[in-house]
Amino acid sequence: MRASAASRRVVLKSAAATAGLAAAGVATTGPARAAGDDLPGRPETVTARMGPNSVTLSLVDGALHWSARRDARTVIGTSALGLRLDDGTVLGHDVRVTGERYGTHRTTWTPVYGRNATVTDHYQEQRWELEDRASGIRFGVQVRAYRTGVALRYLLLDEGTATVADELTTFVFPDGTTVYSARDENAYEPVAPGSIPVTGTAGTDNGPLTDLPLTATLTSGLIACVCESSRIDYPRLMLGSVAGEPTTLSAFLMEHTARGTGPVETTSTVTTPFATPWRAVVIGATHAELVDNAELVLNLAPPNALTDTSWIKPGKVFRCELSTAAGLAGVDFAVARGIEYIEYDAGWYGPEFTTPDATKPIAAIDLPSVISYATSKGIGVFLYVNRLALTDADSLFALYKSWGVQGIKLGFINDGTQSMTNQIIDWAKAAARYELLIDMHDDVRPFGYERTYPNWISLEGVRGNEQFPTATHNVTLPFARNIGGPMDYTICYGQSRDKTTNAHQMAMAAVYYQPLNFLFWYDKPSKYGNPANWPGLPWFNAVPVTWDESRTLAGAIGEYIAVARRHGSTWYLGAMTNESSRTLSLPLSFLGSGTYTATVYADGTPGTSPFRTPVVVSTRTVTAADTFDVAMAPAGGQAVVLKPS
């Protein structure tokens, strides 16, 4: 820290300390002993508990550690904590406790959009205020236990600045753990924690590193997903294998942007008091429960910062080819197919890497006419912008607002460094000032900020259908990347390059949480000119993108998943399998009273390739007392609309 040596050793009065923590976004929680108390008989451990989950802080010979359990089963074993500053000071290796806080918090809040209409924020918290014995620097560790998982973060308490060189948090998993490792837009690899593949180049962060979210399956039957939340003014977290420690992953703060563009930042200077991002571990007793516990990431993020969100409209999007006629036809297609937005992607203002002026469309596009026509039909327009054209985002966003544009899709936004974290947040804030939705593409990873700036409605950071991944990959995503937050996957219905059935693609619209859902990727309206050839179209017409209630009915990472989501009184059920055919028996006990008409879009007789497996439509009457058998072909799926009769 940049305060003087003497000021490092000054213990702030309780009121001043509380004010500083509030400025850092740290709420005061429950009873406290004032900093500086001798704390006679202070225990060497404190534990926060909520429901079956607990997280414990401990001091071992003056060194900080943490651990997490679900009931009697270990999720994270005793693991190191600490921060290394740029002058070599290590906070966490030799400390004394100067204060403790604890408390329980329960509220509910209403997201602008989401998996559920209301979210419960219920946790028990423990906080140690600490002093590094050698330097006198004051800092803290804050832990929370939720029914959905656990979380921790560091607090830098002295007033001034601090320069962080490394975060020393480790995650020691039980023996036999498998983690699902992926970097950038690569496929997930199930490996032991000590065997993360070495990736990167000389111009990027290089080593046995994996991006978050990082999912771990434990031999006890538990499943856990490591995420981050509330990343502000701080680098993005990766996790890396540790030589000689086969069950341990260690924090790595990115020094390069994700693909090596921009300056290298080996340290991060912050104004203190300061709270680091939350390190969250979402925990499920079953794989299905893990998916339903994903809102932990949102609960750890700052509340909505926007006073008016009436203009924020989640929806489905259709990408148009780069001409006026294609835009007008796209609008008509959107109206006919229940789609809320059209989009002009890369190239609408010229080659994106050699034309950094996104204020003038190419001659082939009469943009005012397309926007005017779209507006008259109740359809919004998104425009793609490469980051090279964002030299003055405020002016550009103001211009788009004046044109009547409703959203922007930013390309090649490769975050990682502290500067890029701040830039991403600044873009989200700037877009909000002009009432623009924003979708950030390429190697961007979630940190709960769709709660804080809900106009930041989606992001990529996923191997999506632009690369036609396997069915196994597709049924890994709900338990991994999608736990961290919304993802822009791009659904391809009726694409011959798909490695899955069309019903599998249809089911994604219910299985994946995507409040901005790009549909019919790579296609044009004329392909669907004869709807009789495409029996799945009514599903896409009807399926929403935001939900009143969500229930994961069954699942196993990399194998299969079934999710039911309610919008109003109608339920939408999606099920997907990997390359193995299977039948799931799903109780319909989530339904309300009375009878429901189930419209079923199922795999027919498997074709010569998954894509050639037809979609077969049927209807039946069901009630909450029924069990629904969902049969799926290899790489297949099923989509079901359950509407009150």
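**Conventions.** I took as helices the DSSP runs of H or I with at least four residues and as strands the runs of E with at least two, both numbered from the N terminus. The model is predicted, so I kept local features only where pLDDT is at least 70 and side-chain atom pairs only at pLDDT 80 or more, while totals for chains, interfaces and linings use all residues. Residues are numbered from 1 along each chain as its sequence is written, and side-chain values use heavy atoms, with hydrogens and water left out.

**Helix 5.** At its N-terminal end I found a cap from S323, where a side-chain oxygen is 3.0 Å from the backbone nitrogen of A326. Just beyond the helix, G338 has a positive phi of about 65°.

I then asked which residues of helix 5 are buried, meaning under 20% relative accessible area, with exposed being over 50% and partly exposed in between (1.4 Å probe, protein chains only). They are T324, A326, G327, G330, V331, F333 and A334. These buried residues pack against strand 22 (315–320), strand 23 (341–344) and helix 6 (367–376), where contact means heavy atoms within 4.5 Å.

**Helices 7 and 8.** Two packed helices are described by the angle between their axes and the distance between the axes. I noted that the axes of helix 7 (residues 393–403) and helix 8 (residues 418–433) come within 9 Å and cross at roughly 35°; the axes are lines fitted to C-alpha atoms over the stretch in contact, with angles from 0 to 180 degrees between N-to-C directions. The crossing is right-handed, in that the near helix is turned clockwise from the far one by less than a right angle. On the helix 7 side the contact is made by A393, D394 and F397, and on the helix 8 side by W427, A430, A431 and R433. I sorted these residues into five nonpolar, no polar and two charged, with Ala, Val, Leu, Ile, Met, Phe, Trp, Tyr, Cys and Pro as nonpolar, Asp, Glu, Lys and Arg as charged, and the others, Gly among them, as polar.

**Helix 12.** How many residues of helix 12 are buried? I found 10 of the 10 in residues 502–511, so this helix is largely enclosed by the rest of the structure. The buried residues include H504, Q505 and N502, along with M506 and M508.

**H256.** I placed H256 in the loop between strand 19 (245–253) and strand 20 (268–275), and its relative accessible area of 15% makes it buried. Apart from neighbours within four places in sequence, H256 is in contact with G203, T204, D205, V264, G416 and T417. With D205, the side chain of H256 makes a polar contact of 2.8 Å; the term covers a pair of N or O atoms within 3.5 Å, and within protein one must be able to donate a hydrogen and the other to accept it, while residues adjacent in sequence count only if both atoms are side-chain atoms. I also noted Q418, which is 162 residues from H256 in sequence but 9.5 Å away in space, C-alpha to C-alpha.

In strand 11 (residues 149–167) I looked up T163, which counts as buried at 4% relative accessibility. The side chains of T163 and T269 are joined by a polar contact of 2.8 Å.

V55, in strand 3, is buried at 0% relative accessibility. Not counting residues up to four places away in sequence, V55 touches V46, T47, A48, W66, S67, A68, V143, R144, A145 and V150. Of V55 and W66 I wrote down that they are 11 residues apart in sequence and 7.1 Å apart in space, C-alpha to C-alpha.
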